[in-house]
Structure formats: structure tokens, C-alpha cells
Amino acid sequence: MTVSAPPQAGTATAVPRPPRARVGRATVLFVSLGVALVVASLAAAGSGQLQIPLAQVAGSFFHHFGLDWGPMPTHPRGDATLWSVRFPRVAMAIVVGAALAVAGALMQGIFGNPLAEPSVVGVSSGAAVAAACAIVFSLTFAGDWTLAVCAFVGGLVTTLTVYVLARADGRTEVVTLVLTGIAVNAVAGALLALLMFLGDTQAREQIVFWQLGSLNGSRWQYVGVVAPLAAVGIVISLLCARNLDLLALGERPARHLGVNVERFRVMLIVVVALLTAAAVSFCGIVAFVGLVVPHLIRMVTGPGHRVLLPASMLAGALVLVVADLGARTLVEYADLPIGMLTSLVGGPFFFWLLRRTRRTAGGWA
Amino acid sequence: MTSPALVGRGITVRYGSNPVLDGVDIDVRHGEVVALAGPNGAGKSTLLAVLAGDLDPTAGKVEVLRRPLADWRLRDLARERAVLTQEHRISFPFPVAEVVRMGRSPWRGRPEEDQDDAIVAESMAATDTTALADRSFGILSGGEKGRTSFARILAQRTGVLMLDEPTAALDIGHQETVLQRARREADAGAAVVVVLHDLSLAAAWSDRLVLLERGRVAGEGAPADVLTGPLLSSVYDYPIEVVPHPATGDLLVLADRRATRENTRDHIREEDA
């Protein structure tokens, strides 16, 4: 039964639609992120010891799909290099960056806290521990997917643990969240140390690579594992965008508006674990992308998840493509760990955000 | 007489062995405003939480539109019933207009969705929040937050309204407009249950008043019947007078401070001596 008084004509004109400036801003943001991502991807694919001009990179890409557009690479090994090394690596950067940024935005929505992020609260480390187990004990029960499956289980267990430990009365306070993250990261660090102790030299090297995070050695085969996981996670997140907005009101109001809060939260936690596992399983821990990216997007378009999630996806991909380009080219003949780079930038940013949150909340609320 | 829109029977809530609610019965019919009143800790908000389905009672049952609460799909229920909680907070800086628009979410994908803009605008105009549209909800004052939340509840366009202290932190003018609007919804057929601390407000705007005392119903009926000096003085454990306003005849519920003042004076005299 609806009791609706017909709105008076006079008031209806002062309609507070989502401000038009904001809608316009979102469109501009999407277009510029899309363009930037394409340009950055082409540039990243063309850069390295063998330099290939942008036009030829694009040409090689189109020719592969039977489109006779643009010039082919002039260097004899150009085309092969692009398709066996560069493109899979750029593709991996796009997928991992998108997954991490969306996972971050999602986690912030679930915890109702802008500081929640897979690496901060230890979900990435949890996933890494499980994946390291697979390496040390040479598990191969699921073929190429073994690492991803283990990372997913590890990530899921950690997310659930953090969720249970860090929440009180339906919300998570900053202090509790950060301290829980410290505890979880400490335990995960200890387990990783134990696994390194148990493993042989090769396993040790692989685990170190994990902790540092790197896109080195990305292959199509791995992209084939990570991409579907990330795609599923991102699609589910996008479908949940409206309800995530309602969750910002708190548990009771969200329920009064028709959201089955308990079920919704558990589902989202599984999605966060899935996205984190997708990112971590072949590239290790790339920290802070999920913290920095959604925060910057929120500053531009506001907190509505219908814009925040897809924009974070694009921006996350862009950030990782650029960061990986930096990791490969900043120091000649060296492939820096990308996780190191993101932490170098993300760590101070996290601290700034922490101070700001403290100030606006009037204490460590 | 229409069938009650909201029925609670034998509602009992215990934390450990002490009962917060002890066998409370309540009916709210279409077209009436029922006020819940009582001292702090009498169980008003707990009763509202049980009626809203936020809290499972130790015993008793709740029916909304003759269907037990547990049988409702939350989304369907959200189109029939709106709840205003006491706390108004938000985790991210959503602007006021978007917060009010969230009230329309249960109607997503239905024909009523077409009226979203008009309904949001009307709800904001009714609560005097139109000017706040672009402000971030998080930085509003307590009263502005309360009005914005009330606008969100109105935007839900439901036939059952449950309001937990909608006038808290509001100035006297906005208190009146909020309750006037609740009254108007009831006159248009809605069933409204509202927790109120201010008994004069309850007397002015409700059809029926349920007075709770330590988890039990101490009095129920028309405000003029329930709001009597002796009953209130006993329930609130403080001398209380009820007098009609000389011009309007509205009931005024006032604390009788004579005894306390005497005591205070005695104290001062003793100390001086």
C-alpha cells in the first residue's frame, strides 16, 4: 500500500538530481581513463630493451586479429617479442591492477572504512601464505590453477578472520582495523618465514618474489587463469554497486531498505578473496593499489559505487601498467619488484589518509 | 474498524535474566499515530527494534500487514514499511540528495521508479532539506541529519512508518513539521508508530499513547486518558502535572518542581547555618 501525496508542482522543479556537474565529471573521467589506459598499454608494450614505436605496436596488435591496420614492427624479432613477452605482461598488469583496485573499493564498502585494503588488513599476505604452501609442498592438484586455488582459500580464510575480529556493533573502527592488520600481517609473515625455512632454494626464491611482487615472467597461460577470476569478481561487484551504497548507511538502515545484510556481506567477502587471489596468485603482493586508487576516484566523483567501482577498475589497471613500465625501465637492465614501487608511494599515502581520517573523525574513531 | 497494520503480541526480550520487555502487546492501525513513551530504559527503542525485525524477541510474535515478520522478503517489506532509527551516520561522504534518493531503492525496477525525482524532491521540501542537497551528510548538524534521514524514510513511500525519536536534536519548529508530516501520512492511511520523549508533543500529535514502564505497558489509550498527573508521577518517579493550555486546550505535561526547589533551598539554608 502506498501513501503518496502527489508532489506539488512548485517543489518538483527544484529537483536534486545527482548534480549534473558530477555526472559530467564521471563521463570525462571514464573517457580520460580509457584513453590513458590504451596509450599507456601501447607505450608499455613498446618500451624495453627492444624499443618498438607505438604505431608498430598497434599494427602488430591489429594484424594478429586479421585487421590490416598500421605498420608491422620493423625489427625482425619485434612481433615475437610483443606477443610472447610484452603483451602478456601488459595484460597481466591490466587484470591485476583492475582486480586490486576493485577489491580495495569493495572492502572499504564492506567495512565502512576508507582504510580497508587487502594488503593493509593482511588478506594479501594470507593468500600469499597459502600460495607459498603450494610452492613449498609442490602441490599440483589443480594444474595451472593450483596456486590460484590456494591463494583464494588463504585469502578467504584471512578475510573472514579479519571481518570477525575487527568488527564491533556493525562497524569497524580505524584503530581496530589497523591493529588487526598488524596482527594478521605478523602471523602471515611468520608463516611465510617458516615456509622459506622449510623450502629448498628454488622455493625460497619464489617466495621472496611473492613478497616483493612482480609481473616478471607473466605468460598468456597465467593470464588465462587470472583474467576469468578477476572478470567474475568484477562483474559481481558491479552488480552489487547500489546495495553497497545502502550499506554506507549502516546495517539496520540497509536492512530496512531491503538488503539482506548478512548474506550480502558474506558474498562480498568471497568476492574480495577471489579478486585478491586473482591478483596475488602469479604476481605476489602488490600493496596499496586498492587503497590509493578508490580514494582518488572518490575525490573526483564522490562515493557512489556505481561510478566508483568501474572507474577504480580502469584507474587500477592504468596505475599498474604505468608502475610496471617504471619497474622495467627506471633502472637499465633491472626488473624492479613492482610491489616495492607501489608500497613506496602507497605507504606515505596511507599514513596521510590515516592522519586525515583521524582529524575528520575527531579522534581514533 | 480496519485490521491493524502492525501487531505485536506477548513481546518479551531478556538479556540474561533481566527482562527489557515483558509481554508487551501493541496494535497500530492504518490511519492512526501511536506514540510510545516512557522513562529511559523502559524499553521503547527495544520494542521498536523488535517490531522492525532488527531484534529477535525471546518470546512473542510480530505481524506486519497480517503476515509474520519472518515470512517477508526484505525487499517487499521495504516497500510497505519504513524505519527511522535513532542513529544517523554514514561511512562515506554521500551528499544529502543521494542519501534521500537511497530511500527509493526498494522501488528499483518497478513502475513507481519513474516518480523517483518528484518524490525525492517532495520529501526534501517537506523536511526543509532542499537547501542541503549538495552538502555531505557526514558534516551536517545532528538536527539536519535527522531531517535528512526522515526525508529518506518519506521517500520510501510506505504505508507503515516506524519512527524512533524523530524529533531528537530538532528545534521546536522542525519538531512540529516532522510530526505534522507523520500526522498527514496517517490521515492519508498510513500506520505510524513513533517513539517520543516529549509528552506534550505526544499529546498533540498522537491518536493513542502507549506508556511503557520497565518493560511493561503502564498505560494505553487516548493521550488525555493516559497522560494524568498521578500515573506519570509514578512512572517517571518525579512529580508531574498535566494542564490544558488556556487558549488551545492542548495538554501540557510539566514537571512540578516545587518540592525539589524546597529541598534545594533547605540544603542551602543548612549549609549557610
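This is a predicted model: local features need pLDDT of at least 70, side-chain atom pairs count only at pLDDT 80 or more; totals for chains, interfaces and linings use all residues.
## A first look at chain B

His88(B) touches Lys145(B), Gly146(B) and Ser149(B), leaving aside residues up to four places away in sequence.

**Around His88(B)**
- Look for His88(B) in the loop that runs between strand 6 (81-84) and helix 3 (96-102) of chain B.
- His88(B) counts as buried because 24 other C-beta atoms lie within 10 Å, and the cut-off for buried is 20 or more.
- Val24(B) is 64 residues away from His88(B) in sequence, and the C-alpha atoms of the two are 27 Å apart in space.

**Two domains in chain B**
- Domain 1 of chain B covers 1-72 + 159-238, while domain 2 covers 95-155.
- Taken over C-alpha atoms, the centres of these two domains are 25 Å apart.
- Where they meet, domain 1 of chain B contributes 10 residues and domain 2 of chain B contributes 8 residues.
- Helix 6 (residues 172-187) of chain B provides the largest share of the domain 1 side, with 4 residues.
- That domain 1 side is made up of 6 nonpolar, 2 polar and 2 charged residues.

**Where chain B meets chain A**
- Here 38 residues of chain B are in contact with 33 residues of chain A.
- On the chain B side, at least two residues each come from helix 2 (74-80), strand 6, helix 3 and helix 4 (116-126).
- Helix 4 of chain B gives the most to this side, with 8 residues.
- By type, the chain B side splits into 22 nonpolar, 6 polar and 10 charged residues.

Key: Residues are numbered from 1 along each chain as its sequence is written. Chains are lettered from A and ligands numbered from 1 in the order in which they are written. Domain bounds come from an automatic or database domain assignment. Two residues are in contact if their C-beta atoms, placed from the backbone, lie within 7 Å. Ala, Val, Leu, Ile, Met, Phe, Trp, Tyr, Cys and Pro count as nonpolar, Asp, Glu, Lys and Arg as charged, and the others, Gly among them, as polar. A residue is buried if 20 or more other C-beta atoms lie within 10 Å of its own, exposed if 12 or fewer, and partly exposed in between; C-beta atoms are placed from the backbone.
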